[in-house]
Amino acid sequence: MLDLVANKWSLGVVDTLGSGPKRFSELKRTIAGISQKMLTTTLRELERDGILTRTVCAVMPPNVTYELTDMGRTLLIATRPVVRWSLENIAAIDKARAEFDSRVHPGP
């Protein structure tokens, strides 16, 4: 379960679904930087773990919606502060990493 919590994409999906059910395309648009393949893999893993449900409406074209389960909502409550902290500090983290990398691996 620690892999689930440590996976930035999983937490991003859970956080995004915290505002309600979403279609695949909505999730892809909302979660910056995630590829279609990674989103598909992440959704399958979260469904397998019981964190979200996948509902298919038999219309043309098929409409697939993802939604947090009760257990997923408890995960959201537990992890939302970490996700928010990450989003608020990403610029500072990127800057610190760049400064560190330039000291450890100076350019020519």
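This is a guided tour of the structure above, stop by stop.

The model is predicted, so local features need pLDDT of at least 70 and side-chain atom pairs count only at pLDDT 80 or more, while totals for chains, interfaces and linings use all residues. Residues are numbered from 1 along each chain as its sequence is written, and side-chain values use heavy atoms, with hydrogens and water left out.

**Stop 1: helix α2**

Select residues 8-17, which make up α2. Helices (H or I, at least four residues) and strands (E, at least two) are DSSP runs, numbered from the N terminus. Nine of the ten residues of α2 are buried, so the helix is largely enclosed by the rest of the structure. Buried means under 20% relative accessible area, exposed means over 50%, and partly exposed is in between, with a 1.4 Å probe and protein chains only. Among the buried residues of α2 are Trp9, Leu11, Val13, Asp15 and Leu17.

**Stop 2: Asp15 and Arg80**

A salt bridge is a side-chain nitrogen of Lys or Arg within 4 Å of a carboxyl oxygen of Asp or Glu. Asp15 is buried at a relative accessible area of 14%, whereas Arg80 is partly exposed at 28%. In the whole structure, the search finds four salt bridges.

**Stop 3: along helix α5**

Select residues 70-104, the span of α5. Where in this helix are Arg73 and Asp70, and how many residues apart are they? Both lie in α5, three residues apart, about one turn of the helix. Arg73 and Asp70 form a salt bridge with the closest N and O atoms 2.5 Å apart. Arg73 is partly exposed, with a relative accessible area of 37%, and Asp70 is exposed, with 58%.

Next select Lys95 and Glu99, also in α5, which are four residues apart, about one turn of the helix. They form a salt bridge too, with the closest N and O atoms 3.9 Å apart. Lys95 counts as exposed at 55% relative accessibility, while Glu99 is partly exposed at 39%. An α-helix has 3.6 residues a turn, so residues three or four places apart point the same way.

**Stop 4: the largest pocket**

Select Lys8, Val83, Ser86, Leu87 and Ile90, the residues nearest the centre of the largest pocket, which is lined by 20 residues. A pocket is, on a 1 Å grid over the protein atoms alone, an open set of points where a 1.4 Å probe fits, with protein on both sides within 12 Å along at least five of seven lines; lining residues have an atom within 4 Å of a point. The volume of the largest pocket is about 600 Å³, where a volume is the space filled by probe spheres set on the points, and grid points are joined across faces, edges and corners.

Which elements give two or more residues to this lining? They are α1 (2-6), α2 and α5, and α5 gives the most, with eight residues. By class, the lining has twelve nonpolar, five polar and three charged residues. Ala, Val, Leu, Ile, Met, Phe, Trp, Tyr, Cys and Pro count as nonpolar, Asp, Glu, Lys and Arg as charged, and the others, Gly among them, as polar.

**Stop 5: Lys22**

Select Lys22 in strand β1 (residues 22-23). Lys22 is buried yet has no salt bridge, and the nearest side chain of opposite charge, Glu26, is 5.5 Å away. Lys and Arg count as positive and Asp and Glu as negative; His and the chain ends are not counted. With which side chain does the side chain of Lys22 make a polar contact? The partner is the side chain of Ser19, at 2.8 Å. A polar contact is a pair of N or O atoms within 3.5 Å; within protein, one must be able to donate a hydrogen and the other to accept it, and residues adjacent in sequence count only if both atoms are side-chain atoms. The backbone oxygen of Gly20 lies 3.4 Å from a polar atom of the Lys22 side chain.

**Stop 6: β3 and the loops**

Select Glu67 in strand β3 (residues 63-68). The C-alpha atoms of Glu67 and Leu17 are separated by 6.2 Å, with the two residues 50 apart along the chain. Then go to Pro61, in the loop between β2 (52-57) and β3. The peptide bond from Met60 to Pro61 is cis, with omega near -10°.
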